[in-house]
Amino acid sequence: MSPSAALARIRLNPHSRAVQRDLRNATDMHRTLMRLVPDGLGGSPRQAAGLLYRLDVTDTFSTLLVQAATLDPTRLPDDYGHTDVKDLTPVFNALQKGLAVRYRIVVNPVKTERLPLENKGRRGKRIALTGPDADQWWARRAHEAGLHLTTALPTLVAAVHGSGESAAAVRHHLVRYDGTATVTDPDALAEAVLVGIGRAKSYGAGLLSLAPASTT
């Protein structure tokens with residue numbers, strides 16, 4: 001049985017107060033988008049729903065891509081934006097070894113600091129990767145996800161900021177990669193599309209978009 005998911009494309013209304021609030025604070029954005037998935041999903045609702053999202057910004061408008069097992073766009077604020085929803089089953093069905101694809105993903109490339117032996121059992125802080133280090137991080141993750149990269153164009157994305165009612169402000173370093181690749185493991189790739197890649201998934205990272213590469 002093929003995996004399945006839904007993808008919503010939301011062209012944001014820049015005049016909406018809810019949109020303006022969510023663009024300022026990724027925690028608010030995540031809270032709004034969780035309204036699209038069913039209630040009562042337990043202690044890890046984002047993971048249970050398979051919710052991932054990415055903000056694509058151009059000179060003229062901003063679009064949110066939101067993916068989950070099921071989505072109900074009627075639960076968004078009334079003036080949030082125009083929404084189209086499509087079933088991703090055809091995308092999964094098309095995946096096969098050797099298929100050439102175009103991809104886009106925003107990731108949070110990080111490494112965990114190594115601590116001295118006397119600190120055994122403690123976790124080092126996470127360090128953001130930039131430049132060639134970030135590129136190598138993405139190449140490794142893509143390989144694990146069943147993609148052989150042929151091109152990878154990095155674009156630095158504005159860091160996202162968020163805060164909770166009882167938590168300190170958080171900041172995540174993000175990089176967008178666009179390029180072409182060849183599918184090497186369709187099952188691993190389908191799983192990567194479903195669950196996302198890397199950290200900061202609640203802050204707009206990890207959603208992998210795929211499309212057939214042009215043959216012309």
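What gives the most to the lining of the second largest pocket? Strand E11 does, with four residues.

The model is predicted, with local features needing pLDDT of at least 70 and side-chain atom pairs 80 or more, while totals for chains, interfaces and linings use all residues. Residues are numbered from 1 along each chain as its sequence is written, and side-chain values use heavy atoms, without hydrogens and water.

**View 1. The second largest pocket has a volume of about 340 Å³.** A pocket is an open set of points on a 1 Å grid over the protein atoms alone, where a 1.4 Å probe fits, with protein on both sides within 12 Å along at least five of seven lines; lining residues have an atom within 4 Å of a point. Of its 19 lining residues, Arg-9, Arg-54, Ser-209, Leu-210 and Ala-211 lie nearest the centre. At least two lining residues come from each of the strands E1 (6–12), E2, E3 (62–68), E5 (100–107) and E11 (208–212), these being DSSP runs (E, at least two residues). By class, the lining holds ten nonpolar, two polar and seven charged residues.

**View 2. The largest pocket holds about 410 Å³ of space.** Among its 22 lining residues, Leu-55, Val-157, Ala-158, Val-160 and Leu-174 are nearest the centre. Strand E9 (153–162) is one of the elements that each supply at least two residues of this lining, as are H1 and helix H2 (26–33), and the largest share, six residues, comes from E9. The lining comprises 13 nonpolar, four polar and five charged residues.

**View 3. Leu-23 is placed in helix H1 (residues 17–24).** Leu-23 counts as partly exposed because its relative accessibility is 42%, between the limits for buried (under 20%) and exposed (over 50%) with a 1.4 Å probe and protein chains only.

Technical notes: Grid points are joined across faces, edges and corners, and a volume is the space filled by probe spheres set on the points. Ala, Val, Leu, Ile, Met, Phe, Trp, Tyr, Cys and Pro count as nonpolar, Asp, Glu, Lys and Arg as charged, and the others, Gly among them, as polar.
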